[in-house]
Amino acid sequence: MIFRRLRLRNFGPYKGEHSLDLTTQPSRRLIIVFGDNMRGKTSLLNAFRWVLYGQALDRRSQPVDLIRLINTDAQHEHDWAISVSLTFEHEGSGYELLRQSIRRPIVATPRHSGDFEHSLQLRKDGAVLSQDTIEHYLNQMIPAQVSRFYLFDGELLQEYEQLLIDDGRQGEDIKIAIEHVLGVPALLNGRDHARTLLKQAQARQAKDLKHINALKSYGEQMEALQAEIRSHEADLGDLRGKLAATNSDIEELERALLETQGVEGDKAELDGHRATQKRLLDEERQLRDERVKVTRNAWKDLLQPRLRSHIRDLENAKRAHEAAIEQRGNVRARVDQLCSLLNTNRCPLCDHSISDGDRERFGAQRGALEGELHASDTHINEVGRINAALSRYEKLRTSGATEALQVNQRQLANIAVQLTRVESDIERTTERIAGYDTAEIASRRAKSKRLIEFRGKLSSDLASIEGTQRHKQRELDALSRLASAKTGSLAKRSTREVEICRALDAVYSSAIEKLRDELRRVVEGEATAVFKRLTTEQSYLGLRINSYYGLTIVDSQGRDVTVRSAGAEQVVALALIAALNRTVGKPAPVVMDTPLGRLDPKHRRNILRFISEMAEQVLLLVHEGESDPDRDLGELRNSVSREYELERISSAQSAVRPRLGGEA
Amino acid sequence: MTETDNRALQILLDQRTQVGTELPEKLIIDTYHLERTHQYDRDSDVIIGALRRIIDEHLDLAPGDDVSPTSRTRG
């Protein structure tokens, strides 16, 4: 297959009619289209996908809605016709494939694909082919299942990394696509078709056996088993249908959720801010309550200056009373001495008798001192009174209301700042999710979770019934073999048919794994050869393939290189694609969008040198950041048939201009 | 037929010995060509019908061998 011309109308940024001459010479296989970001390189890749398979893909490999494909300016001018036509040659015949979608007459402004009339036409050597053969023709030339290896986005090459994960679901999908391109389905289908025919032949055999008296019971048992198997098949069909529908619902929900992932994050953030706001408001309320309580005792603090002075006076008085009480002991001793003197009437020092005059004087002294002693009882009472007063005042001094109020005030101020901040966060987050129905998004998330649980249950039921089904099928096969051995010349035809179908099933089943092993070996060898040309690390031994066709780099010591850069991944992915193309041996053009973006200059040079060998015709869609026309393409000049440039007309429009090789 | 197709066919032919069947080479070749040509087509019923016809052609019954009411006439 060789492309000759691509015509676009209102496709992506290409408003009105645009045309690219894609003819190449055998010695000059390359066509290069230069275009800055947003100028329509991916739209060109999608134009090929859309015309061939009716589907354009976004950067997440998800289908792009038809409305989004139609040029925005054309939409504003109510020009709702989109079309792509691809002219190509295949095995000596000329073909023209035309796909177009035009707004239905009764629709004013289309909203979805159903608002368009779609048509697809394939001409072979000028003759229009019937609609029901178009898919078969395209499948013979460039089947949709293998298109990822011919029409690919360089930015998505890292998806091949998934092949290194043995039980990854995405890896499984890619593995199936790889086996499609390698021709494994021919054997898989052959096995399945042989099994279907085997069941039919066994049904006929059972029917025949029922007419032979000696083998009637075999026929009846076989029919009973077949009825059970049919019943299980119906259940399995039902379960598989439900599983497929559930998977489709989950994928659709996940796709929608992926688009609103940011909103979900913002909603979670908003909920967090609201929770913080509630906590802060609660804390603020508590602090205000505490402040009221503290304020009830604050009057005590107002008394403090006067109270302090009064206490000081009391403490001075107390000290004076205590000093007086201390003197009481001396007075008591003097009183006792005078009492003794007066009782004995003699001087304790010289033992002379005391005169009446002295006795009178001493008696007066004793009276005075006893008066003092009596008076000192008042000091004791005073100290007790002062202590009681000081104790009362102490309670007034320990309120701490002022300090508590100051701390409370600081905390309230701090909370006020935090509240302002969180209110601002809430406002900003609310603005971000404005216009989105967050309740609906949450409901979708919950539904997705429920569906995933349901899928698990369906898978489990399916596995259980499949197990029973295999068991019943084995019983039927055993019975059929036994009956076959006994039929002799009777029911020979149906028995022979069973034997042929069984043998075909066995041959195809056995061949599948052999072919897979063989293909993996060949792909590994081819990929290693390409990889060694592309890599700048010459010490690597090559690549090792796993059961999923995932490729691991092997270093000079024969060890796996487990960590590899984005650039290395791209090189390995290109080696895989080149190896698949070489192994298949079915020439189809390769269209690559931004294949050099992750590569350093040396790898880029290696790949550019190699790229024209990847296929009979290679269309490169590049921006000048990844490939400079003067620097990188100098040595490729001899391989390039045509160069185009995507020119900006407006933010919504681009045009294709030829740089080399004639009109666009 | 590409090199890969030839490889797949050869593996199929080799498997006859592996699984112990004496299926004729032509039957294997015919069925493989059919499956290879239609491996990307979705209409299984049409392919199964064609496969059934190939098998019918290879059913080698002597006249009168079969007493069953469901037997068909060859050709």
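Rings of Phe, Tyr and Trp (its six-membered ring) pair if their centres lie within 6.5 Å, and planes under 30 degrees apart count as stacked, over 60 as edge-to-face and the rest as tilted. The structure is a predicted model, in which local features need pLDDT of at least 70 and side-chain atom pairs count only at pLDDT 80 or more, while totals for chains, interfaces and linings use all residues. Residues are numbered from 1 along each chain as its sequence is written, chains are lettered from A and ligands numbered from 1 in the order in which they are written, and side-chain values use heavy atoms, with hydrogens and water left out.

**Exercise 1. Aromatic pairs and charges over rings**

Task: State how many aromatic pairs the whole structure holds, and describe the pairs of A:Phe3 with A:Phe48 and of A:Phe11 with A:Trp50.

Solution. Step 1: a search over all chains finds 6 aromatic pairs.

Step 1: A:Phe3 and A:Phe48 are stacked, with 4.9 Å centre to centre and 20° between the planes. Because A:Phe3 lies in strand E1 of chain A and A:Phe48 in helix H1 of chain A, this pair ties together parts that are 45 residues apart in sequence. Helices (H or I, at least four residues) and strands (E, at least two) are here DSSP runs, numbered from the N terminus. A:Phe3 is buried, with a relative accessible area of 2%, and A:Phe48 is buried as well, at 1%; buried means under 20% relative accessible area, exposed over 50%, and partly exposed in between (1.4 Å probe, protein chains only).

Step 2: A:Phe11 and A:Trp50 form a tilted pair, 5.8 Å centre to centre and with 50° between the planes. A:Phe11 lies in strand E1 of chain A and A:Trp50 in helix H1 of chain A, so the pair ties together parts that are 39 residues apart in sequence. Both A:Phe11 and A:Trp50 are buried.

Step 3: ring pairs also link A:Phe88, A:Tyr95 and A:Tyr137 into a cluster.

Step 4: a charge sits over a ring if NZ of Lys or CZ of Arg is within 6 Å of the ring centre and within 35 degrees of the ring normal. A:Lys175 lies over the face of A:Tyr548, at 5.2 Å from the ring centre, and the charged end of A:Arg520 sits over the ring of A:Tyr549, 5.7 Å from its centre.

**Exercise 2. The open sheet and its helices**

Task: Give the strand order of the open sheet of 6 strands in chain A, and say which strands touch helix H1 of chain A.

Solution. Step 1: the order is E2-E1-E4-E5-E6-E7 (chain A), with antiparallel pairing, where two strands pair if DSSP finds at least two bridges between them.

Step 1: the edge strands, each pairing on one side only, are strand E2 (14-21) and strand E7 (127-128) of chain A. Strand E6 (residues 116-124) of chain A is joined to E7(A) by 2 bridges, and the two run antiparallel.

Step 2: helix H1 (residues 41-53) of chain A packs on the sheet, where it touches strand E1 (2-11), E2, strand E4 (81-90), strand E5 (93-103) and E6 of chain A, and its direction makes about 105° with that of E1(A). Helix H4 (residues 131-141) of chain A also packs on the sheet, touching E4, E5 and E6 of chain A, and its direction makes about 65° with that of E6(A). The axes are lines fitted to C-alpha atoms, for helices over the stretch in contact, and angles run from 0 to 180 degrees between N-to-C directions, while contact means heavy atoms within 4.5 Å.

**Exercise 3. Strand E13 of chain A**

Step 1: strand E12 (residues 590-593) of chain A is joined to E13(A) by 4 bridges and runs parallel to E13(A); here A:Val591 has A:Leu619 as its bridge partner.
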